[in-house]
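Let's walk through this one together. Have the structure open and follow along as we go from a loop to the core.

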Amino acid sequence: MYAPLHRSRRLALAVTLLALALVAGIVPATPAPAVGTCTEDQKPDVFRVEDMEPGTMGTGWTVVQGREPVSFDVEILGVLPDGILPGVDFVLIKVSGPVIDQTGGIAFGMSGSPVYVGDKLAGAVAFGFFAADQTIGGMMPAESMVPIFDYPGGAASLTAAKAFQVRRVELTPRLQRTAAREAGVAAEDFPTVAKQLLIPMAFSGLNDRGMRKVGRLIKRLGLPFVPYRANAVSTDATLAEEPLAPGDAVAATLSVGDLTSAGVGTTTAVCGNLSLHFGHPFFFEGATSGERSMGMNGAEVLTVVPDPSNLFGPFKIANIAEPHGVIDQDRISGIRGVEGMVPTSVPITTDVLNPDLGRFRRGQTDAIKQSFGEFSNLPWLAAFHLLLNQDAMFDRIGDGTATVSFTIEGTDPSGAPFTLVRDNMWFSPWDISWEAIFELEFYLAILDDFDPAVTFSGVSADSTITQEHITSEIERVLSASSVARRLREREFLPVRRGDTIRLRVFLRPEGSDTLEAVDLTVNVPRRARGDGVLRIRGGGEDLCFFCILFDEEFVGEEGEEEEPQTFEELLAELGSAQRNNDLVADLRIGSRRRTALSTGDRVILGRETIEIFVVR
């Protein structure tokens with residue numbers, strides 16, 4: 001029997017790199033060779049599905065603590081031909097033994113646990129049942145996994161739109177009765193659907209509030225993840241010298257550094273420098289590379305949390321360990337890793353200062369998987385990286401002010417390099433660390449959404465976060481025009497076309513009894529007709545900025561609707577968007593708009609409104 005514990009049988013590392021240019025979603029007529037050194041004689045011997053009879057016994061391997069795999073018993077209960085997909089059979093299994101007694105059944109994180117019948121690989125544990133006996137589950141046949149060794153590498157990516165439609169298997173009445181009999185319940189009391197095991201998803205650096213936010217994001221995206229807090233992996237960690245072996249715990253990493261994020265499973269098989277894991281998809285994107293790639297790391301299992309209720313299921317908690325390579329295939333029957341390759345990544349760096357406590361931190365997160373499907377992963381990774389570093393330095397959740405500047409670098413749709421620099425001030429009476437991260441997230445999302453050809457090479461941010469309220473509130477506004485020449489407080493102001501409106505705005509800084517006066521002038525459009533409104537406010541209410549975020553129209557200086565037609569125009573729009581520390585006078589008359597602003601060193605709060613009448 002092939003024993004996963006015999007590490008002396010592992011092959012030496014060898015890496016063959018192949019650069020391919022594939023059109024997304026299109027398979028070439030002549031398949032390109034796989035990226036790796038896997039040869040036919042190195043592939044595991046396969047126990048075929050046609051030889052699987054009810055009662056056939058096998059041995060499974062997985063890690064329940066530490067790094068060494070341990071064995072458990074597996075009994076084949078039946079086979080559902082084409083149960084997962086046409087040509088991909090579903091194998092109903094029952095697991096038992098001391099290891100299973102310890103875990104309470106098939107645990108999330110056991111995905112990919114290899115099952116051998118004799119010395120042949122039969123498949124990988126991959127499915128379970130909710131609200132049922134957790135010792136009953138499903139196996140992905142090795143016959144459907146081993147061909148992934150021969151898949152071509154490349155840049156092709158498949159859409160994940162249908163991913164979750166293939167993560168469940170409807171049992172036939174016969175298999176349902178078999179499973180119910182093994183579970184000791186009536187057939188009608190056993191679930192009719194087997195579901196892909198959820199993936200334990202490790203996140204480092206986030207507090208309870210951050211984890212709740214991540215949990216809601218996972219739920220909104222419909223991802224089959226169980227989030228938990230784990231350790232951080234250094235961005236400077238070196239590749240492992242010893243490759244992964246069947247039964248080892250493995251992590252598919254989306255990012256490393258302060259915000260390490262990775263899905264945990266089990267290695268099923270190795271061939272040369274290639275390895276297979278999970279026994280089911282992660283994101284189901286096909287060939288992965290570039291911004292869709294993932295890292296491959298080892299994992300150290302801390303414990304398996306049992307579920308005595310059998311409602312949810314037990315799950316592994318593991319720390320993410322040393323890097324091994326990349327995940328270059330994400331398919332229905334498993335994911336494939338390549339030992340020895342370094343994944344591409346975008347460095348996200350932050351410098352955070354808290355002058356209240358005299359604390360400073362420089363942090364880094366390398367974003368490996370920047371997107372999946374139509375969802376851009378980089379924006380939230382950058383935002384949450386900033387969040388966890390601000391939380392660490394602020395050392396509280398509550399009111400305060402943050403001054404944040406960030407730089408985004410990459411290449412535009414033509415392949416030319418670009419740099420976008422942005423700074424802003426933020427105030428929150430509730431949670432300043434949380435509210436100060438969204439502009440960075442939105443800007444990255446907007447740039448990414450503009451054109452698929454836009455790529456990113458680096459994101460950096462500087463933040464000064466303090467409990468001090470660095471704000472000024474609009475106390476009163478004096479106005480005048482050529483019709484009403486004297487500056488005084490008004491609710492209504494008559495103007496002429498082409499007129500100049502004069503404003504004197506009195507601001508009260510937080511904690512001060514002294515008002516500060518700021519003068520502004522706003523020009524009335526020469527073609528203005530009818531009545532309008534003049535709003536004096538902080539720049540955080542810049543409607544043009546928010547119309548970007550919600551895919552509405554840009555409003556030009558003359559009021560005509562216009563969207564940025566080029567990437568350069570988009571950069572200009574984003575760079576010039578109003579800031580929370582801008583005092584803005586925003587005049588709108590019909591479809592015409594004019595603005596004036598004065599930039600200060602405090603967040604502007606409050607607003608005043610003056611009705612405008614155009615006279616002849």
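**A glutamine in a loop**

The side chain of Gln-134 has a polar atom 3.1 Å from the backbone oxygen of Phe-129, a polar contact (N or O atoms within 3.5 Å, one able to donate a hydrogen and the other to accept it; residues adjacent in sequence count only if both atoms are side-chain atoms). The backbone oxygen of Ala-132 also has a polar atom of the Gln-134 side chain 2.9 Å away. This is a predicted model, with pLDDT of at least 70 needed for local features and 80 or more for side-chain atom pairs, while totals for chains, interfaces and linings use all residues. Numbering starts from 1 along each chain as its sequence is written, and side-chain values use heavy atoms, without hydrogens or water.

Gln-134 sits in the loop between β5 (120–128) and β6 (136–141); strands here are DSSP E runs of at least two residues, helices H or I runs of at least four, numbered from the N terminus. Gln-134 counts as buried because its relative accessibility is 5%, where buried means under 20% relative accessible area with a 1.4 Å probe, protein chains only.

Now hop to β9 (residues 199–203), which runs parallel to β10 (residues 225–229) and is joined to β10 by 5 bridges; DSSP must find at least two for strands to pair.

Phe-203 is among the residues touching the most other members of the largest nonpolar core, which has 65 residues. Such a core is a set of buried Ala, Val, Leu, Ile, Met, Phe, Trp, Tyr and Cys residues joined through side-chain atoms within 4.5 Å.

Technical notes. Buried means under 20% relative accessible area, exposed over 50%, partly exposed in between (1.4 Å probe, protein chains only).
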